[in-house]
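Here is a short walk through one protein model. Keep the sequence and the 3D view side by side as you read.

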Amino acid sequence: MAVNSTYIYWANESAGAIGRAKLDGTAVEPNFITGITTPRGVAVTPTWIYWPSLTGNEIGRANLDGTGKTLGLVTGVASPCSVATDSGHVYWGSGATPGFVGRATLAGGLQEREWANLGSYIPCGLAVNTANVFVANFGFISKAHEIGRLSITGGTFQPS
């Protein structure tokens, strides 16, 4: 889920859609953006909505009003299961083994599909602030349900 000053957004995996509703619970649109293959999260900026398509192996984007949908903003992503944004990048967690965090500019350029190798961590939860990318490990191989971090400038992954 993600929120801005007007709406809450969510991935509607079973319908292949992004849903939204006003913060007061009105104007519910469970199929606000459709045609997405297995959406597994959502992130918003002041301008865009981003989502990972788990089985489509891509990161998609649309305008906040739902127009301008681009399903394959970033393609060739191995099982993306999470997404987060900061002021300059969209980040995604790859649920493949080994796990990776990838990133691209908000416009989809300068794609780094394996920006950070996480080894046995399966990053199906991401959060970003001005200094770090935080990674929630969904892993079933080892260290399940831990949180690690990476510097926003790259460097070594610091598991918990």
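The paragraphs below follow the strands and their pairings.

First, a caution: this is a predicted model. Start with the open sheet. Four strands build it, in the order β1-β2-β3-β4. Their pairing is antiparallel. Now look at the ends of that order. β1, residues 2–3, and β4, residues 29–33, are the edge strands. Each has a single partner strand, so one side of each lacks a neighbour in the sheet.

β1 pairs with β2, which covers residues 7–12. The two strands are antiparallel and share 2 bridges. Which residue of β2 is the bridge partner of A2? That partner is Y9.

β7 pairs with β6, residues 48–53. These strands run antiparallel, joined by 6 bridges. β6 and β7 form a hairpin with 4 residues between the strands. In this hairpin, N57 has a positive phi near 55 degrees.

β7 also pairs with β8, residues 70–75. This pairing is antiparallel too, over 3 bridges. Here E58 sits opposite T75 of β8. Again the two strands make a hairpin, with 6 residues between them. Find G66 in the turn: its phi is positive, about 90 degrees.

To recap, β7 pairs with β6 and with β8.

Notes. Residues are numbered from 1 along each chain as its sequence is written. This is a predicted model: local features need pLDDT of at least 70, side-chain atom pairs count only at pLDDT 80 or more; totals for chains, interfaces and linings use all residues. Side-chain values use heavy atoms; hydrogens and water are left out. Two strands pair if DSSP finds at least two bridges between them.
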